[in-house]
Amino acid sequence: MTASREATRAKRGFTLIEILVVLAVIALLTGLAALSAGAGGSPVTREARRLAATLQLATEESRLQGTVLGLKFRQDGYSYLELVPRERDTEAGPGFVWRPLLRSGAFAARAWPQPMRFELRIDGRAVAPAFGAADSAPQILLLPEGEFTPFTLRLVGTREAGATMRFASSGQFVLEGL
C-alpha cells in the first residue's frame, strides 16, 4: 500500500508550498541581482530618466490645463515655467509673463548633480544656458496641443560617457547611452 501512495503522490505534481518557496527564491535572487548591478544607475543616468519623466508629465499637464509651459535650462540645473497673464496692479504693461510652475514636487526647480555639465541643441544649433532671472523666457516650449520644441540634450559627468536625449516635437523621445 505504501508503494501505491508514493506512486500516486509522484503523479500529482508540486504542492502549493513548494511552488511558493521556488517563487520566493527567484524573487530574492532577482532582487540581489538588481542591487549588485546598480539598479539606480549613475547620477547622469538617473537625471536623464528623471528629466524625461517630468517632461512627459509636464506635456500632459499642459494638455490637461490648456496652458503653455516652458522648460528652462540653466548652468546649474533646470526649471519648469508657466505662461500667465501679467498682473495689471503690480506689473507694468499688458501681456504675459513666465512664472515658476511649482516651488515643490515634480516640477520644482532642479539642480544638476555635481559635477555634471550639459549641452543643449535646438534645430542642430548649440544653445547657451540661460543666466537671466528665474522668470525669463525658457528655451523649450510645451504647447497645450501636446507638442513642444524639439531638442537634443547631452548630459555628461566626470567619469562617464554621458547620456544623450533626443526629444521630437510630437513628444516622443529617445534616450541613448543609458
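A residue is called buried under 20% relative accessible area, exposed over 50%, and partly exposed in between (1.4 Å probe, protein chains only). By this definition I19 is partly exposed, because its relative accessible area is 41%. The model discussed here is predicted, so that local features need pLDDT of at least 70 and side-chain atom pairs count only at pLDDT 80 or more, while totals for chains, interfaces and linings use all residues. Residues are numbered from 1 along each chain as its sequence is written, and side-chain values use heavy atoms, with hydrogens and water left out.

**Overall architecture**

The protein has 3 helices and 10 strands, where helices (H or I, at least four residues) and strands (E, at least two) are DSSP runs numbered from the N terminus. Along the sequence these elements follow the pattern α-α-α-β-β-β-β-β-β-β-β-β-β. Of the 178 residues, 30% are buried. The accessible surface, computed by the Shrake-Rupley method with a 1.4 Å probe and, for residues, with only the protein chains shown as cover, comes to about 11,400 Å², and carbon and sulfur atoms account for 58% of this surface. Where contact means heavy atoms within 4.5 Å, 56% of the contacts between residues at least 6 apart in sequence join residues at least 24 apart.

**Nonpolar core and surface patch**

A nonpolar core is a set of buried Ala, Val, Leu, Ile, Met, Phe, Trp, Tyr and Cys residues joined through side-chain atoms within 4.5 Å. The largest such core has 27 residues, of which L71, F73, Y80, F151, L153 and L155 touch the most other members. Elements giving two or more residues to this core include α3 (43-65), β1 (69-74), β2 (77-85) and β8 (151-157). Helix α3 gives the most, with 6 residues.

I19 lies in helix α2 (residues 16-36). Together with F14, L16, L20, V22, L23 and I26, I19 forms a nonpolar patch on the surface with about 730 Å² of accessible area. Patches are made of residues with over 30% relative accessible area and no salt bridge; like charges are joined within 9 Å and nonpolar side chains (Val, Leu, Ile, Met, Phe, Trp, Tyr) within 5 Å.

**Salt bridges**

A salt bridge is a side-chain nitrogen of Lys or Arg within 4 Å of a carboxyl oxygen of Asp or Glu. The count is 6 salt bridges, including those tabulated here.

| Pair | N to O distance |
|---|---|
| R63 and E60 | 3.6 Å |
| R74 and D76 | 3.1 Å |
| R117 and E119 | 2.9 Å |

Salt bridges with shared partners also join E47, R50 and R110 into one network. R63 and E60 both lie in helix α3, 3 residues apart, about one turn of the helix. R74 is buried at 18% relative accessible area, whereas D76 is partly exposed at 42%.

**Aromatic pairs**

Rings of Phe, Tyr and Trp (its six-membered ring) pair if their centres lie within 6.5 Å; planes under 30 degrees apart count as stacked, over 60 as edge-to-face and the rest as tilted. The structure holds 11 aromatic pairs. One of them, F73 and Y78, is tilted, at 6.2 Å centre to centre and 55° between the planes. F73 is buried with a relative accessible area of 0%, and Y78 is buried with 2%. The rings of F73 and F118 are also tilted, because their planes stand at 35°, with centres 5.8 Å apart. This pair links distant parts of the chain, F73 in strand β1 and F118 in strand β5, 45 residues apart. One aromatic cluster includes F73, Y78 and F118 as well as W112 and F167.
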